[in-house]
Amino acid sequence: MGKGLREAQGVASAAGYSVVSHDASEQDARQWDADEWTVCFQTSAGRRDGGRPVLDLGVVRVGAPCPAVDGEKPPWPRMPAVTGMAFARAGEALAPLGFRKVEPESAYSDVALPGVADPWKVCFQDPEPGETVENPQYGTVYLKLAPPDAVCPERPYATLRPAPGP
């Protein structure tokens with residue numbers, strides 16, 4: 001358990017077992033590529049013709065958490081609230097979720113991000129706080145930031161310094 005499916009198949013076969021596998025999540029997906037799956041559960045599945053014992057491996061896609069019980073939905077994390085945090089701190093809070101990328105953007109249409117936006121504050125986030133985040137290793141978080149000395153706008157892409165009237 002905890003090994004990649006291909007490795008687990010090799011170890012089990014070397015120990016004299018025939019191996020079958022199944023999706024341990026509620027999706028019942030086929031395991032076409034053994035390198036894309038991680039073993040969560042293992043059970044005896046009797047014997048095959050010829051007397052070899054069979055080991056049934058319950059697997060999830062690489063990067064997915066194992067469900068508490070074979071056949072249930074994996075316990076994907078929920079998106080934390082990072083609004084109001086400095087960009088650097090928000091990145092630290094998001095790191096354990098394993099997102100592919102955290103993308104900073106200016107919350108204002110007339111203010112460009114500096115080369116290093118670490119002290120800028122998060123005004124808006126996507127995904128929203130509390131959303132279930134499935135497969136974060138493939139996802140991007142978008143954080144709209146305001147300069148440390150500015151207030152957050154009421155909506156994204158507002159102007160901080162409106163053009164003077166005629």
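## A salt-bridge network

R6, D33 and D35 are linked in a network of salt bridges, a salt bridge being a side-chain nitrogen of Lys or Arg within 4 Å of a carboxyl oxygen of Asp or Glu. By this rule the count comes to 7 salt bridges. The model is predicted, and local features need pLDDT of at least 70, side-chain atom pairs count only at pLDDT 80 or more, and totals for chains, interfaces and linings use all residues. Residues are numbered from 1 along each chain as its sequence is written, and side-chain values use heavy atoms, with hydrogens and water left out.

Helices (H or I, at least four residues) and strands (E, at least two) are DSSP runs, numbered from the N terminus. R6 is partly exposed at 46% relative accessibility, and D33 is partly exposed at 30%. On this scale buried means under 20% relative accessible area, exposed over 50%, and partly exposed in between (1.4 Å probe, protein chains only).

## Other salt bridges

E7 and K3 form a salt bridge through their side chains at 3.7 Å, N to O. Both ends are partly exposed: E7 has a relative accessible area of 46%, and K3 one of 34%.

R89 and E92 form a salt bridge at 3.9 Å, N to O. Both residues lie in helix α2, 3 residues apart, about one turn of the helix. An α-helix has 3.6 residues a turn, so residues three or four places apart point the same way. R89 is partly exposed at 42% relative accessibility, whereas E92 is exposed at 52%.

## The buried side of α2

Helix α2 spans residues 87-94, and its residues F87, A90 and L94 are buried. These residues cover an arc of only 55 degrees around the axis, which puts them on the same side of α2; the arc is that of the directions from the helix axis to the C-beta atoms. Their cover includes β4 (101-106), β5 (121-126) and β6 (140-146).

The helix lies across β4, β5 and β6, running at about 160 degrees to β6. Axes are lines fitted to C-alpha atoms, for helices over the stretch in contact, and angles run from 0 to 180 degrees between N-to-C directions.

## The sheet

The 3 strands form an open sheet in the order β4-β6-β5, with mixed pairing. β4 and β5 are the edge strands, each pairing on one side only. Neighbouring strands are turned by 30 degrees against each other on average, direction ignored.

Two strands pair if DSSP finds at least two bridges between them. β5 and β6 pair in the antiparallel sense over 5 bridges, and Y142 in β6 is the bridge partner of D126.

## Nonpolar cores

A nonpolar core is a set of buried Ala, Val, Leu, Ile, Met, Phe, Trp, Tyr and Cys residues joined through side-chain atoms within 4.5 Å. The largest has 19 residues, of which L94, F99, L143 and L145 touch the most other members. α2, β5 and β6 are the elements that give two or more residues to this core, and β6 supplies the largest share, 4 residues. Apart from this core lies another, of 10 residues, among them A12, A29, W37 and V59.

Leaving aside neighbours within four places in sequence, L94 is in contact (heavy atoms within 4.5 Å) with M79, P80, V82, F99, V102, V141 and L143.
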